[in-house]
Amino acid sequence: MASAAPIILWFREDLRLADNPALSWAAGTGRLVICLYIRETGSGAPRAHGGASNWWLDKSLKALGDSLEALGGRLVLRTGEAGEVIRGIARESGADAVVWNRRYGQPERDADAALKDRLKALGLDCRSFNGRLLVEPWELKTGAGGWYRVFTPFWKALQANYSCPAYLPPPKRLETVKVQSEELGGWGLHPTRPDWSSGLAESWTPGEAGAAARLDAFLDGPVDGYSSNRNRPDLADSTSALSPHLRFGEISPVTIWRRTTALAEAGRINEASARVFLSEIAWREFSYTLLYFNPDLATENYNPSFDAMPWQKNADALRAWQRGMTGYPIVDAGMRQLWHTGWMHNRVRMIVASFLTKHLLLPWQAGEAWFWDTLVDADPASNPASWQWTAGSGADAAPYFRVFNPITQGQKFDETGEYVRRWCPELAKVPLKFLHAPFEADGATLARAGVDLGVTYPKPIIDHSTGRERALGAYQSLKEKQASS
DNA sequence: TTTTGAGTTGTTCGA
DNA sequence: GTCGAACAACTCAAA
């Protein structure tokens with residue numbers, strides 16, 4: 001006979017109702033469901049959110065709670081070590097089953113596995129699901145049985161082997177039992193003194209409905225130009241901007257895959273652009289494979305030969321980069337967009353990351369940490385994997401001699417100059433010819449534009465070719481050390 | 001087992 | 001202004 005006891009559904013990085021396997025299973029039993037979110041403490045807790053992500057989490061939890069209440073349910077908020085919280089709620093409520101969607105960082109995996117054992121020993125039914133990835137890291141294997149270290153074969157294997165599961169609709173009702181909850185407002189996730197979040201609020205609608213609207217809007221037009229426009233930070237809607245929604249699980253990559261392939265197969269969107277868009281989703285998957293098999297991805301060089309890299313220490317240069325005061329407009333525009341909106345266009349992320357690790361020769365970990373704190377989409381897999389890729393220490397890394405030229409990158413990809421004019425308003429009147437290199441303009445031109453270099457806008461903190469040569473030398477030294485060891 | 005082809009996103013230089 | 005070569009060698013994946 002089926003149990004009538006409630007089920008605990010532990011929400012983690014899957015703050016949505018649709019295409020949520022754990023929720024779908026729990027709701028499908030017809031039993032009462034206790035929807036739980038834990039502000040985790042202890043050694044099994046995931047890497048603590050940065051400030052921007054905490055802002056997002058606050059709104060996303062509010063949206064999830066509202067959605068659950070509309071179904072007759074409720075989101076229960078608790079703080080503590082996850083196992084203690086869950087055992088406590090099970091005792092209070094008589095729940096005899098716990099379900100969740102899996103996570104892939106090492107501490108979380110270890111903690112989840114230990115918790116599962118504990119709960120099973122107590123007689124609770126315990127189930128986990130894949131609610132975050134198209135394929136889990138252990139599912140896609142090379143011919144030799146290992147995990148992929150190069151993106152292209154990974155992507156080919158994914159396309160050849162992946163079949164998209166059927167849509168899991170949100171439950172129509174989700175009744176629950178009364179369990180004590182903390183107040184979201186008491187968690188202090190929203191910044192105060194000062195409240196710096198107005199730019200974030202202007203830019204985003206956290207929550208499942210906001211995510212769905214974003215996908216709809218992207219697939220209804222912008223996706224068609226994606227293969228070329230995705231490199232253009234000056235164009236509106238050149239990318240999907242789904243990353244923070246994916247990070248918090250407000251939308252599933254499965255949903256994105258299903259919707260996009262259906263439209264492409266029906267001939268309603270450009271096939272090639274759809275492919276490129278899905279390949280970006282696959283990069284996220286690839287990053288999760290890297291994280292799964294390299295738990296220290298956020299701190300340790302994937303390629304250990306980079307342990308000998310002669311990184312600089314320069315707090316002033318780091319601060320100039322963080323504040324968008326390097327004197328290179330495309331770099332500064334990107335860093336200011338990040339600070340204001342919690343997000344940066346992907347093309348510009350590459351430029352600023354190259355500038356930090358190559359021109360400034362500062363360790364990629366410093367950039368990764370800054371992005372972690374300031375990005376609303378700061379992802380435990382994508383963020384470190386992408387930083388390591390740029391620095392050259394990562395899997396399938398950029399060649400060491402690929403040093404982005406911040407002037408020509410600006411001219412090429414912010415070709416209208418609208419991106420720089422928007423985020424560096426003090427340069428708004430500089431003619432396009434000099435906009436990406438104001439230091440090359442003559443005094444009269446700058447004066448007419450109201451720019452006083454070194455006063456109203458910084459002079460370059462490092463000369464491009466000087467920085468480039470120094471970076472190439474540093475990478476050369478790595479190679480020599482490796483050869484002699 | 002060995003071999004072979006290939007590898008996200010670029011820049012510079014010189015013809 | 002345009003174009004191709006050089007920038008390195010190494011590791012990966014698959015045949």
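Guide: Happy to; we'll go through domains, DNA surfaces, helix packing and a few backbone details.

Guide: First, this is a predicted model, where local features need pLDDT of at least 70 and side-chain atom pairs count only at pLDDT 80 or more, while totals for chains, interfaces and linings use all residues. Residues are numbered from 1 along each chain as its sequence is written, and chains are lettered from A and ligands numbered from 1 in the order in which they are written.

Visitor: Thanks! Into which domains is chain A divided?

Guide: Domain 1 covers 7-132, domain 2 is made of 133-166 + 207-293, and domain 3 spans 304-479. Those bounds come from an automatic or database domain assignment.

Visitor: How many residues of domain 1 are in contact with domain 2?

Guide: 18 residues of domain 1 touch 17 residues of domain 2, where contact means C-beta atoms, placed from the backbone, within 7 Å. By class, the domain 1 side has seven nonpolar, five polar and six charged residues. Here Ala, Val, Leu, Ile, Met, Phe, Trp, Tyr, Cys and Pro count as nonpolar, Asp, Glu, Lys and Arg as charged, and the others, Gly among them, as polar. The C-alpha centres of domain 1 and domain 2 are 25 Å apart.

Visitor: Now the DNA. Which residues come nearest to DNA strand B?

Guide: F151, T152, W283, D396 and N405 come nearest, out of 19 residues around DNA strand B. A residue counts as near a strand if its C-beta atom, placed from the backbone, lies within 6 Å of it. Two or more residues each come from α5, α11, α17 (406-413) and α21 (464-484), and α21 gives the most, with three. Helices are DSSP runs of H or I with at least four residues, strands are runs of E with at least two, and both are numbered from the N terminus.

Visitor: And which residues are around DNA strand C?

Guide: That list is T142, G143, G146, Y148, R149, V150, P153, A157, P399, Y400 and F401. They divide into seven nonpolar, three polar and one charged. For comparison, the surface near DNA strand B has nine nonpolar, six polar and four charged residues.

Visitor: Back to α5 and α11: at what angle do they pack?

Guide: α5 (residues 151-161) and α11 (residues 271-293) pack at about 110 degrees, with axes 10 Å apart. Axes are lines fitted to C-alpha atoms, for helices over the stretch in contact, and angles run from 0 to 180 degrees between N-to-C directions. The two helices α5 and α11 are therefore roughly perpendicular; angles under 35 degrees count as roughly parallel, over 145 as roughly antiparallel, 65 to 115 as roughly perpendicular and the rest as oblique.

Visitor: Which residues meet there?

Guide: F151, F154, W155 and L158 of α5 meet S279, A282, W283, E285 and F286 of α11. That contact has seven nonpolar, one polar and one charged residues.

Visitor: How do the axes of α13 and α17 cross?

Guide: They come within 8 Å and cross at roughly 70 degrees, and α13 and α17 are therefore roughly perpendicular too. P329, I330 and V331 in α13 meet P406, Q409 and G410 in α17.

Visitor: Which residues of α1 are buried?

Guide: In α1 (residues 21-28), P21, A22, L23, A26 and A27 are buried. Buried means 20 or more other C-beta atoms within 10 Å of a residue's own, exposed means 12 or fewer, and partly exposed is in between, with C-beta atoms placed from the backbone. These α1 residues pack against β1 (7-11), β2 (33-40), β4 (97-101) and β5 (125-129).

Visitor: Last one: which residues does a cis peptide bond join?

Guide: R193 and P194, with omega about -5 degrees. P194 is in the loop between α5 and α6 (198-203).

Conventions
Two residues are in contact if their C-beta atoms, placed from the backbone, lie within 7 Å.
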